[in-house]
Amino acid sequence: MSVTIKDVAREAGCSIKTVSRVVNNEPYVTETVRGRVLEAIQRLGYAPNISARRLVSRRAYGIGFLLHSGGLVQASMVAKILETGYEYNYDILPLTYFPARAKSRNKLASLIGERRIDGLITTPPADTDDFLLELVRKAGLPLVQIDPFTRSPQNAYVAGDDYQGAQQMTDYLIGLGHRRIAYLTGPRNHRATLDRLYGYRAALERAQIPFDPQLVIDSEFNFPGGYTGAKQAIMTGRKPGAIFAGADEAAWGALFAAQEMGYSVPGQLSVVGYGDLPQSQFIWPGLTTVYQPLDLIVEKAIQMLIENLAYPGQADQQILIPSRLVIRASAAAPTY
């Protein structure tokens, strides 16, 4: 005879509801009771039937996770998404979403209309798409946004503190003695682009260094953007002593461009980034950057959505996670 949830509750000395909460990884269960239930599950060999669970609860136990493109940041997020979904016993469906494409919109509308997902997590720039927001609102679908462009007390979101991180990095470069610091921006429909630029400008202002708009280069958060932006910055009237790229991938492009043009890094030019992707510690020279707690952001977003599904309105609605500097070998005192 197969083991039932009643058997587990009897073995653990608790209610069926408590066992269900532990199985679904829901909050409001003490660690002592949770441990007792997990031990009983292991002892009895209990395996919850997810199909029955879906049928009884009339829920899909699935979450849609919208990504815009397939860069290294997105690849890192997918790995964490799948890992976290496994831990919480939810199916998580990562989807590329391009707001301007009818195929993307139709696919999402179908998933929501067929009730194949219980909630949705968005990444930039999906949060700026009026069609998506209206679709979610009409369906009454729980939504958590990662780093939304517009932050509201009425919207659940998780974000890194990009303003603080960029300010810290610019302060660090100024502390090394740099006064001409070029900044490579990112997509204009990303909140991170603005916050990192404002953090850069705030640090210059605090150090009483005049802001030079020629040192702010329109770019993208990728290798080609950093490569082109760095060449443009270097070929301005006066070469900067440091280039602060708004993302690690752009910083890699800047490093390549600088060395291609014959500049040693950090001897003649410092290059720093933002994000602390795993590859940034292995390139040469190792990239000085800002650690963006990507894994924690993803985990918190999924956890918040699942808690909102279990206890509507009771989970934290806004979370801002601080960043920190990671000092490696790509930045040094200026030689000019």
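In which loop does P125 lie, and between which elements is that loop found?

Analyst: P125 lies in the loop between strand β3 (119-122) and helix α7 (130-139). Helices (H or I, at least four residues) and strands (E, at least two) are DSSP runs, numbered from the N terminus. This is a predicted model, in which local features need pLDDT of at least 70 and side-chain atom pairs count only at pLDDT 80 or more, whereas totals for chains, interfaces and linings use all residues. Residues are numbered from 1 along each chain as its sequence is written, and side-chain values use heavy atoms, with hydrogens and water left out.

P266 belongs to the loop between α11 and β9.

R115, in the loop between α6 (102-113) and β3, is not a glycine, yet its phi is positive, at about 55°. D276, in the loop between β9 and β10 (289-291), likewise has a positive phi of about 55° without being a glycine. Their surroundings can be described by accessibility (buried is under 20% relative accessible area, exposed over 50%, partly exposed in between, with a 1.4 Å probe and protein chains only). R115 counts as exposed because its relative accessibility is 68%, whereas D276, at 19%, counts as buried.

The protein has 12 helices and 12 strands, and its C-alpha trace spans about 80 × 45 × 35 Å along the principal axes. Of its 336 residues, 49% are buried. Among contacts (heavy atoms within 4.5 Å) with a separation of 6 or more, 72% link residues 24 or more positions apart.

Strand β5 (residues 156-160) has five of its five residues buried, so the rest of the structure largely encloses it. A156, V158 and G160 are buried on one side of β5, and Y157 and A159 are buried on the other, so that both faces are covered. Two strands pair if DSSP finds at least two bridges between them. Strand β4 (residues 143-146) runs parallel to β5 and is joined to it by three bridges, with I146 opposite V158. Strand β11 (residues 318-321) also runs parallel to β5, through four bridges, and here A159 stands opposite L320.

A further set of strands forms an open sheet of four, in the order β7-β6-β8-β9, with parallel pairing. β7 and β9 stand at the edges with a single partner strand each, so one side of each has no neighbour in the sheet. Within this sheet, β6 and β8 are joined by four bridges, and Y183 has F244 of β8 as its bridge partner. Helices also meet these strands. α9 lies across β6, β7 and β8 and runs at about 170° to β6. α10 packs on the sheet as well, touching β6, β7 and β8, and its direction makes about 150° with that of β6. For these angles, axes are lines fitted to C-alpha atoms, for helices over the stretch in contact, and values run from 0 to 180 degrees between N-to-C directions.

Beyond its neighbours within four places in sequence, I243 is in contact with several residues, including A182, L184, A230, I234, A254 and V271.
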